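Please read these notes alongside the coordinates.

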Amino acid sequence: MFWGEKMADLEGFREARDLTGGSCSCNGDFHVRGCNHLDWGMKNRISRIIKPDTGRTVMLAVDHGYFQGPTSGLEVMQDTLAPLAGYADCLMLTRGILRTSVSPGVQAPIVLRVSGGQSVLTELSNETLNVAVEDCVRLNVAGMALSMYVGAPYEHQTLVSLAKLIDAGHAVGIPILAVTAVGRDMARDARYLALSSRIAAEMGANIVKTYYCENFERVTQTCPVPIVMAGGKKLPEIEALEMAHNAVKRGAVGVDMGRNIFQSDCPVGMIKAVKSVVHHEEKPEKAIKIYEDEKKSLKI
Ligand code: R5P
């Protein structure tokens with residue numbers, strides 16, 4: 001009889017080994033600060049963004065079009081992304097670009113920008129949540145990113161959006177990256193960036209993206225969750241590498257860099273150099289060689 005046939009599976013059954021005095025748990029200390037209390041799905045997604053082997057990340061930010069339109073280096077997204085996607089630890093972009101310009105076979109995890117509603121032509125900071133969490137689940141994203149504008153005209157609106165996003169993210173296990181955006185006339189100093197970053201963490205953001213500044217350690221030390229450094233405007237390659245180096249030395253877990261990679265005259269060389277600085281603490285003067293060698297190889 002059917003049940004009898006199943007019983008045969010029990011023949012030769014071996015008891016589980018005795019674990020007295022030991023443990024079978026591999027969920028000990030998590031490699032990302034401020035995240036040990038999170039559920040498995042959250043931790044798994046964060047591990048896709050911040051790599052467990054180094055505790056660091058090089059995110060490639062290519063979301064600029066959400067308010068700037070087709071900026072230099074991002075005119076045709078497939079052309080920019082195809083050579084770089086394999087090197088990025090994570091891609092930060094909008095759902096429109098994800099669906100139209102990124103292969104679903106891409107291995108890099110996605111942090112989706114879910115705030116917007118403004119353009120460079122009007123007053124910046126007037127952003128709100130503009131993607132439903134259901135769509136983020138549908139797109140299988142590893143994280144959701146939203147800009148908050150502390151001290152700017154629409155501060156309250158952006159902070160309320162952040163709170164709603166954090167609730168929605170926690171309900172489905174998707175972590176939140178809060179971007180401390182800076183209004184046009186505001187100083188990017190440690191006092192302001194520490195204030196913004198700390199508010200993001202207090203509200204429940206899992207990762208904070210903020211700008212590099214003097215006394216950057218004041219920003220990282222007073223924020224209980226990991227900080228990734230935003231790249232900012234295009235700098236000479238060596239200066240961008242120095243900034244990344246200083247940021248990780250002063251407590252950042254990595255970078256979320258855009259223009260300093262995709263506007264470089266050798267984007268692949270640049271992302272490789274940034275990765276060596278972030279993951280292997282290579283000195284900028286050595287890492288620049290990686291960029292230069294890659295550039296030379298293109299000319300041969
Ligand atoms: C900032 O709010 C957006 O995410 C930007 O589009 C992105 O951070 C810019 O990256 P970068 O300053 O490195 O070009």
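The numbered points below describe the fold and some of its local details.

1. Basis. The model is predicted; local features need pLDDT of at least 70 and side-chain atom pairs count only at pLDDT 80 or more, while totals for chains, interfaces and linings use all residues. Residue numbers start from 1 along each chain, following the sequence as written.

2. Whole chain. The protein chain has 13 helices and 10 strands; helices (H or I, at least four residues) and strands (E, at least two) are DSSP runs, numbered from the N terminus. Along the principal axes, the C-alpha atoms fill a box of roughly 75 × 55 × 40 Å.

3. Of the 300 residues in the protein chain, 43% count as buried. A residue is buried if 20 or more other C-beta atoms lie within 10 Å of its own, exposed if 12 or fewer, and partly exposed in between, with C-beta atoms placed from the backbone. Two residues are in contact if these C-beta atoms, placed from the backbone, lie within 7 Å. Among contacts between residues at least 6 apart in sequence, 66% join residues at least 24 apart.

4. Barrel. A barrel is closed by 8 strands in the order β1-β2-β3-β6-β7-β8-β9-β10, with parallel pairing. Two strands pair if DSSP finds at least two bridges between them. Neighbouring strands of this sheet are turned by 25° against each other on average, direction ignored. Angles run from 0 to 180 degrees between N-to-C directions, and axes are lines fitted to C-alpha atoms, for helices over the stretch in contact.

5. Strand β2 and its partners. β1 (residues 57-61) runs parallel to β2 and is joined to it by 3 bridges; Leu60 stands opposite Leu91 in β2. Another 3 bridges join β2 (residues 90-93) to β3 (residues 110-113), also in parallel, and Met92 has Val111 of β3 as its bridge partner. Which residues cover the two faces of β2? Cys90 and Met92 lie on one side, Leu91 and Leu93 on the other, and all are buried.

6. Strand β7. β6 (residues 143-148) and β7 run parallel and are joined by 5 bridges, with Met144 opposite Ile176. In β7, 5 of its 5 residues are buried. Ile176, Ala178 and Thr180 are on one side, and Leu177 and Val179 are on the other.

7. Pro175. This residue is in the loop between α7 (155-172) and β7 (176-180). Is Pro175 buried or exposed? Pro175 counts as buried because it has 29 C-beta neighbours inside 10 Å. Leaving aside neighbours within four places in sequence, Pro175 is in contact with Met42, Arg45, Ile46, Gly143, Gly169, Asn206 and Ile207. From Pro175 to Val141 the C-alpha distance is 9.5 Å, and the two are 34 residues apart in sequence.

8. Helices α10 and α12. Helix α10 (residues 237-249) packs against helix α12 (residues 267-280) at an angle of about 25°, with the axes 9 Å apart. The two helices are therefore roughly parallel; angles under 35 degrees count as roughly parallel, over 145 as roughly antiparallel, 65 to 115 as roughly perpendicular and the rest as oblique. The contact is made by Glu237, Leu241, Ala244, His245 and Val248 of α10 and by Met270, Ala273, Val274, Val277 and Val278 of α12. By class, these are 8 nonpolar, 1 polar and 1 charged residues. Ala, Val, Leu, Ile, Met, Phe, Trp, Tyr, Cys and Pro count as nonpolar, Asp, Glu, Lys and Arg as charged, and the others, Gly among them, as polar.
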